[in-house]
Amino acid sequence: MPRYVYRFGAGEADGNAGQKGLLGGKGANLAEMTALGIPVPPGFTITTEVCALAVDGETDLRTLLGSQVDAALERIAELSESAFGDRNNPLLVSVRSGAPVSMPGMMDTVLNLGLNDETVQGLAEQTGDGRFAYDCYRRFVAMYGEVVMGVRAETDGDESPFAVLLSDKKSEVGVTDDSDLSADDLRSLVTAFKIEILKRVEQPFPEDPMAQLWGAVRSVFGSWQNKRAVFYRRMHGIDSKVGTAVNIQTMVFGNMGGDCATGVAFTRNPATGHSGFFGEFLLNAQGEDVVAGVRTPENIAKLGECMPEAYEELLTVAERLERHFGDMQDLEFTIQRERLWLLQTRTGKRSGAAMVKVAVDMVAEGYIDERTAIARMDPAKLDEVLHPTIDPESKPPLIAKGLPASPGAAIGRIVFGADEAEAWAARGETVLLVRNDTSPEDIHGMKAATGVLTARGGMTSHAAVVARGMGKPCVTACRALAIDPAKKEMRIDERCFSLGDLITIDGATGEVFAGRAGLVPASIGDEFGTLMGWVDEVRRLKVRTNADSAIDARTAIAFGAEGIGLCRTEHMFFAPERILAIRQMILAQSLESRREAFAQILPMQREDFKDIFRVMQGMPVTVRLLDPPLHEFLPHTDAEIAELAKASGRTTTNVKRMITDLAEVNPMLGHRGCRLAVSWPEVYEVQARALAEAAVASLADGVPVQLEIMIPFVSVPRELEALRPLICDVVDVVLEAAEVELPYLVGTMIELPRACLVAGDIAEHADFFSFGTNDLTQTTYGLSRDDAGRFLPDYLERGLLDDDPFVRLDREGVGALIRVGVEQGRAVKTKLKVGICGEHGGEASSVEFCHREGFDYVSCSPFRVPIARVAAAQAALRGEARSK
């Protein structure tokens, strides 16, 4: 029979840290800590292999696992000198998830399992503390009722029925903290919880500990497929097939009294990356109290005053674990009767800034080498390093202050629920999620929001940890807030803020402001430059930027761009002083009048190109000639139509008719790109002249120029065969007249499936290929990117697609076409330059594809240039590893 159960704790470990795929991250690390001699409560892991069997619902887990689980239970009972289900000396266990990739808070947990009306009496007698026993019991019944029996809040933003009953009980007896409830109060809560379960699901709470165990195991495995876990996996690109393990572990108690505690700690600051022990704890509490944020915890340093010996041991263990794993660790611990127990260690989630600083510092400290530091980067999180911050000179009124849980500035309209945040964001609103505290059920709302503000919690609460993982600014424990989700109101002293009101939070300081704050660009630390230096030594792939102005180009250069891979000339036409001339050109009835209209535009474009060449200082600049359908430039309002009619000497009726005549049923596949130049060659002639004259003027000013002219939307090789000489003739005439020698390239943008399939013939007339993957994805799938947002989420939800193909390059379909295009093109011209200029050029997986296919460069928006640089270096490292 296959082995599905692996033990850990009390000096016995069947697994190790290298078995995360089998044991999950939690189980593997518990086994590793056991082997290191670190105090871990004994337990066992049911492997990830069981997850798929559990989720399909057709496998009887008790039949499959019964004998192995029974043996493991007996062993941990023996080690803890107790017995599962025994009235006098009960063994209590926790049942926790543990996926191979950390998914904090996304799946379910059950604590204190094994309690019933009999064993709770034994626990009370054994410990001499009835209050403690019933505190554990009420927690267990509530957790089991919610996780296993499905008794949850009915609507988004509501508290669970058990939380409501607990709150009512505290109000009834006149206390504010759970710890102030008496044993009798807690006993009555257990009864109330059981009545609530029976009322809601028409099933009694199970008294049999073994039935409790199997119910919890099935539910924790099943939580792999809950809404928040699925959403989190999709958000972070985690394979749904890896599954989760389930860990069953002897309970240790932080809620036995004043000599007990529970907490979460990091070996470095997860928000900033600074060295030093960082964390929080609560006396006389269980772990969920810290994570859920229902009580504001104490700074971990204060533990040294309360329990100095346990604290010193914790510091020693933390340092040892960081050195052993070679990375910042996130620890969960419990202190029972001043004895320390480690419940978990894992690689700590961190902000983008902390990710960079920790990696660079660990190289300096000798923990890791430079290549390991590069490999550890999450390229997408570099966006956070570039977050703007609040301008200290233009701060609006400060209204409150909490804990700075995740850095960055966020400005948005207040919403009070996760569903609300998602709905508002879907219609284009920028929102801030404001809650008393967040739970794993809020994951989709946190993703939709620009930032998170909570009244409760701490630096290690759910809101803080998840926000840091997402790169969202977050302020927690803002005690001045009085939030009423039902009324959709937030009060701070005498001020009342309602749904939709605008506020600003500063996740670096914990400050909350009324209204909109001014922002200033991020200040990038020395560590970022150090890291990027290592990155550039490793990568082969060049990184360019998509930039349509000198301002964009300058920004990209600051982030390390090595050229412009896409300069969209149409974006230069929308300025108010230019759009009228373009419209006159479009409506012109003769070649002569079109040329007259273009004569107004040429000097403007020439200056634009000169500005860009000046910034780029001899780096390659790929300029795409006019691409969009002409009707996009035409007026829509009556005032604009009247202005155009007057300027062109026409009636408004005549202008409206011409606008109607130019409209297309499917403009994406209509009269655009090179097709415009086939009909109106003068469009590209004028643009070619502007480019050539700008190059000549720049060279005269001592500015080096490396010009690449790109003809878009080619599908027929003869299109390029006809248009290349048209462009070259104009450019060559300008260069010859100025007696200037300037090598330049003329290439094409490959963005149609047919172009990929006949790329060899197209390459006869091209100096380079640049794959426009936005349009290539649209035309390969037969999707409109503008409309697909209405139904693509359904495909992702149902697992019909693993990723949004407009976000991550589809290697099997679009990638296969690209591969054909590259192979055919280089079969004709072995040194054909190949790049990509869709937004995929800034997405890590897509960059790796380009590296593997032998591309010369990727091009992306300016703020994604650092992401592409890191992704290119990581692709090079993986390539080296494959070749060994």
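**Rings, charges and burial**

Analyst: The charged end of Arg-268 sits over the ring of Tyr-367, 5.8 Å from the ring centre. This is a predicted model, in which local features need pLDDT of at least 70, side-chain atom pairs count only at pLDDT 80 or more, and totals for chains, interfaces and linings use all residues. Residues are numbered from 1 along each chain as its sequence is written, and side-chain values use heavy atoms, with hydrogens and water left out.

User: What makes the charged end of Arg-323 count as sitting over the ring of Tyr-367?

Analyst: A charge sits over a ring if NZ of Lys or CZ of Arg is within 6 Å of the ring centre and within 35 degrees of the ring normal. For Arg-323 and Tyr-367 the distance to the centre is 4.5 Å.

User: Why is Ala-688 called buried?

Analyst: Its relative accessible area is 0%, and buried means under 20%, exposed over 50%, partly exposed in between (1.4 Å probe, protein chains only). Ala-688 is therefore buried. Ala-688 touches Ile-727, Val-730 and Val-731, leaving aside residues up to four places away in sequence; contact means heavy atoms within 4.5 Å.

User: How many aromatic pairs does a search of the whole structure find?

Analyst: The search finds 12. Rings of Phe, Tyr and Trp (its six-membered ring) pair if their centres lie within 6.5 Å; planes under 30 degrees apart count as stacked, over 60 as edge-to-face and the rest as tilted. Tyr-134 and Tyr-137, at 6.4 Å centre to centre with 45° between the planes, form a tilted pair.

User: Why is the pair of Phe-769 and Phe-771 edge-to-face?

Analyst: Their ring centres are 6.3 Å apart and their planes stand at 90°, so the pair is edge-to-face. Phe-769 and Phe-771 are both buried.
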